[in-house]
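This briefing goes through one chain, topic by topic. Please keep the sequence and the 3D view at hand while reading.

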Amino acid sequence: MIRIMVFGTFDMIHEGHEDFFRQARSLASEPYLIVSVARDVSAARVKGFPPRRAENERLTAIAVHPLVDQAMLGDEIGYLEHIAEAKPDVIALGYDQDGEYVNNLEKDLREANLAITVARLKSYLPELYKTSKLA
């Protein structure tokens, strides 16, 4: 079993997210998909505005998704603590995920002695399936 971790706010779950989950799962023959749901405060800090739905509501929706094996809340500050707790073998990043954490991820993982492979996934019809366009 290969533990694969993905991150997101997941204000709504749409076909783009479903493809994101499928692509992440396709990275291993026996995948175990861990989805990290952004905390309200960190999502607001990164995006510049708060999520529409509270973190516990978003976490509950992700936890029952059939492609998800484990759902967890991310860290309020930073991100390494919950990654270390989840013990993924692979972190799969979405095509549009960027910023300080993503840009420093591989360096931060090395410095924390976490041997985790980082993979970048492809977009799936981003002109149709992007939360900012659907809301």
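In this predicted model, E106 is part of helix α5, which covers residues 100–111. From the C-alpha atom of E106 to that of G78 the separation is 14 Å, and the two residues are 28 places apart along the chain.

**Chain as a whole**

- The chain contains six helices and five strands.
- Read from the N terminus, these elements follow the order β-α-β-α-α-β-α-β-α-β-α.
- The chain is as compact as a globular protein of its length, because its radius of gyration of 14 Å is close to the 14 Å that the globule rule gives for 135 residues.
- The C-alpha trace spans about 40 × 30 × 25 Å along its principal axes.
- Buried residues make up 41% of the 135 in the chain.
- The accessible surface amounts to about 7,500 Å², and carbon and sulfur atoms account for 52% of that area.
- Of the contacts between residues at least 6 apart in sequence, 73% connect residues that are at least 24 apart.

**The sheet**

- Five strands form an open sheet in the order β3-β2-β1-β4-β5, and their pairing is parallel.
- At the edges are β3 (70–73) and β5 (117–120), each of which pairs on one side only.
- On average, neighbouring strands in this sheet are turned by 25° against each other, direction ignored.
- Strand β2, residues 31–37, is joined to β3 by four bridges in the parallel sense.
- Within that part of the sheet, I34 has Q70 of β3 as its bridge partner.
- Helix α3 (residues 55–63) packs on the sheet, where it touches β2 and β3; the direction of α3 makes about 170° with that of β3.

**Strand β4 and its partners**

- Two bridges link β1 and β4 in the parallel sense, and I4 stands opposite V90 of β4.
- Four bridges link β4 and β5, again in the parallel sense, with I91 opposite V118 of β5.
- In a regular strand, side chains alternate between the two faces of the sheet.
- β4 is covered on both faces: V90 and A92 are buried on one side, and I91 and L93 are buried on the other.

**Nonpolar cores**

- The largest nonpolar core has 17 residues, and the members that touch the most others in it are V6, F21, L33 and V35.
- Two or more residues of this core come from each of β1 (2–8), α1 (15–25), β2, α3 and β4 (90–93).
- Another core, of 13 residues, lies apart from the largest one; its members include M5, I34, Y79 and I91.
- Which residues does V6 touch, leaving out those up to four places away in sequence? They are F20, F21, A24, L33, I34, V35, S36 and A92.

Terms used: Residues are numbered from 1 along each chain as its sequence is written. This is a predicted model: local features need pLDDT of at least 70, side-chain atom pairs count only at pLDDT 80 or more; totals for chains, interfaces and linings use all residues. Side-chain values use heavy atoms; hydrogens and water are left out. Two strands pair if DSSP finds at least two bridges between them. Axes are lines fitted to C-alpha atoms, for helices over the stretch in contact, and angles run from 0 to 180 degrees between N-to-C directions. Contact means heavy atoms within 4.5 Å. A nonpolar core is a set of buried Ala, Val, Leu, Ile, Met, Phe, Trp, Tyr and Cys residues joined through side-chain atoms within 4.5 Å. Buried means under 20% relative accessible area, exposed over 50%, partly exposed in between (1.4 Å probe, protein chains only). The radius of gyration is taken over C-alpha atoms; the globule rule is 2.2 Å times the number of residues to the power 0.38. Accessible areas come from the Shrake-Rupley method with a 1.4 Å probe; for residues, only the protein chains shown count as cover.
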